[in-house]
Amino acid sequence: MAETTLKARARHAARRLSRLRWLTKRGILHHYGVSLRDRPALYLRYLLWDPEVESYSYDIANDDELCAFAEANFGVTARQARDFLSEARRDPELTTRLSERTRWRFDAKNKLPIGNRLLWYVAARARKPELIVETGIYEGLGSLVLLRALERNADDGVEGRLVSIDVDPMCGFLVRDESALTARWTKVIGMTGDLLPEVVAGRPIGMLLQDTPHTEENQRYEFGVALRQADDPVILIEGSGGYCPTLGELADQLGLQREHFVERPRDHFYPAPGQGVLVVPADCASGWNGWPGPERQAA
Ligand SMILES: C[S@@+](CC[C@H](N)C(=O)[O-])C[C@H]1O[C@@H](n2cnc3c(N)ncnc32)[C@H](O)[C@@H]1O
């Protein structure tokens, strides 16, 4: 068995027991300044039973701000954005069927909120890109949300595809193996640095969700691929909350404004860092001369 598969199996086996990692969870609560005295219900619920220790899911409490952000950046009215939000929140695939999928899993929440993927959903519904690229799949929550947006876009007469890539061969279990869902999905296992240009070759990219670790090296490489074959426009989104400067540097190079949307998690301690968004028209992308300095991602 390949070494990467063995490592992935070991990682997934450890993750299966994450609900029981009380010391780790106590450390996380301490790190985020949550005390038993100030927030007893939230503290105990997380400490005793929550399975999420490396990535958090939550609903959001600032729909109005998200809708205003979509109006300013994605070419829809705030009202249309609100319709997309309610469509996602009522979608059986993203609610009841998702719960059925996680019900008996010890390593996933029984009700997985999609709040921190709603910006992606609204962007995909608003701009209806023909090709979306997601770097980093993990359990597949983002992929599932994007695939549902593509299905709805197809119902509206605009076909599109999602290419998602992850180095973990066991990623993406939240996406049911059901043809209506997976028909528009190319799931690629490998490093973005090795495979991304090849899997998107010759196809204009309308949206790229940069969700491998938000390092400068990854971002320069993955955003570089998107800019070299940008659709009009290409939307670049990353979730570092601004600690990684790449998107801001890119905006400066192109004479554009990098925008930033900060979700307000509902009933969760995580201080969401927010998502950087850059909308690049094709004429800007075609005039881009590449990064100064090294861009190649290490294998
Ligand atoms: C934050 S998670 C992705 C979350 C996912 N987009 C979602 O919405 O739930 C990051 C993922 O990136 C993968 N990863 C890390 N470095 C990578 C690389 N260089 N190429 C491909 N995948 C990578 C990890 O295996 C991990 O599953």
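Visitor: Where does Tyr-138 lie?
Guide: In this predicted model, Tyr-138 sits in the loop between β2 (131-135) and α8 (141-155).

Visitor: What makes Tyr-138 count as partly exposed?
Guide: Tyr-138 has 18 C-beta neighbours inside 10 Å. Buried needs 20 or more, and exposed means 12 or fewer. The value 18 falls in between, so Tyr-138 is partly exposed.

Visitor: What is phi of Tyr-138?
Guide: Phi of Tyr-138 is near 55 degrees. That is a positive value in a residue other than glycine. Most residues other than glycine have a negative phi.

Visitor: Which value does phi take at Asp-267?
Guide: Phi of Asp-267 is near 60 degrees, again positive in a residue other than glycine. Asp-267 belongs to the loop between β8 (265-266) and β9.

Visitor: Why is Asp-267 called exposed?
Guide: Asp-267 has 12 C-beta neighbours inside 10 Å. The cut-off for exposed is 12 or fewer. The count of 12 meets it, so Asp-267 is exposed.

Visitor: Is Gln-275 buried or exposed?
Guide: Gln-275 has 25 other C-beta atoms within 10 Å. Buried needs 20 or more, so Gln-275 is buried. Gln-275 is placed in strand β9 (residues 275-280).

Visitor: What does Gln-275 touch beyond residues up to four places away in sequence?
Guide: Gln-275 touches Leu-119, Ile-237, Glu-238, Gly-239 and Phe-261. Arg-11 is 264 residues apart from Gln-275 in sequence, and their C-alpha atoms are 27 Å apart.

Visitor: Why is Arg-16 called partly exposed?
Guide: Arg-16 has 14 other C-beta atoms within 10 Å. Arg-16 is in helix α1 (residues 3-16). Neighbours within four places aside, Arg-16 is in contact with Phe-106 and Asp-107.

Visitor: How far is Arg-16 from Trp-291?
Guide: Their C-alpha atoms are separated by 41 Å, and the two residues are 275 residues apart along the chain.

Visitor: What makes the peptide bond from Asp-232 to Pro-233 cis?
Guide: The omega of that bond is near 0 degrees, and the bond from Asp-232 to Pro-233 is cis. Most peptide bonds are trans. Pro-233 lies in strand β6 (residues 230-238).

Visitor: Which residues make the contact of α5 with α7?
Guide: Ala-81, Phe-84, Leu-85 and Ala-88 come from α5. Leu-118, Tyr-121, Val-122, Arg-125 and Ala-126 come from α7. By class, there are 8 nonpolar, no polar and 1 charged.

Visitor: How do you know that α4 and α5 are oblique?
Guide: The axes of helix α4 (residues 63-73) and α5 cross at roughly 125 degrees and come within 8 Å. Again, 115 and 145 are the limits to compare. The angle lies between them, so the pair is oblique. The crossing of α4 and α5 is right-handed.

Visitor: Which residues of α4 and α5 meet?
Guide: Asp-63, Leu-66, Cys-67, Ala-68, Ala-70 and Glu-71 in α4 meet Ala-78, Ala-81, Arg-82 and Leu-85 in α5. This contact divides into 7 nonpolar, no polar and 3 charged residues.

Visitor: What makes α10 roughly parallel to α11?
Guide: Helix α10 (residues 192-199) and helix α11 (residues 216-228) pack at about 10 degrees, with axes 10 Å apart. Roughly parallel means under 35 degrees, so α10 is roughly parallel to α11. Their contact has 4 nonpolar, 3 polar and 1 charged residues.

Visitor: How do you know that the radius of gyration agrees with a compact globule?
Guide: For 299 residues, a compact globule would have a radius of gyration near 19 Å. The protein has 19 Å, so the value agrees. Of the 299 residues, 39% count as buried.

Methods
Residues are numbered from 1 along each chain as its sequence is written. This is a predicted model: local features need pLDDT of at least 70, side-chain atom pairs count only at pLDDT 80 or more; totals for chains, interfaces and linings use all residues. The radius of gyration is taken over C-alpha atoms; the globule rule is 2.2 Å times the number of residues to the power 0.38. Two residues are in contact if their C-beta atoms, placed from the backbone, lie within 7 Å. Helices (H or I, at least four residues) and strands (E, at least two) are DSSP runs, numbered from the N terminus. Ala, Val, Leu, Ile, Met, Phe, Trp, Tyr, Cys and Pro count as nonpolar, Asp, Glu, Lys and Arg as charged, and the others, Gly among them, as polar. Axes are lines fitted to C-alpha atoms, for helices over the stretch in contact, and angles run from 0 to 180 degrees between N-to-C directions. Angles under 35 degrees count as roughly parallel, over 145 as roughly antiparallel, 65 to 115 as roughly perpendicular and the rest as oblique. A crossing is left-handed if the near helix is turned anticlockwise from the far one by less than a right angle, and right-handed if clockwise.
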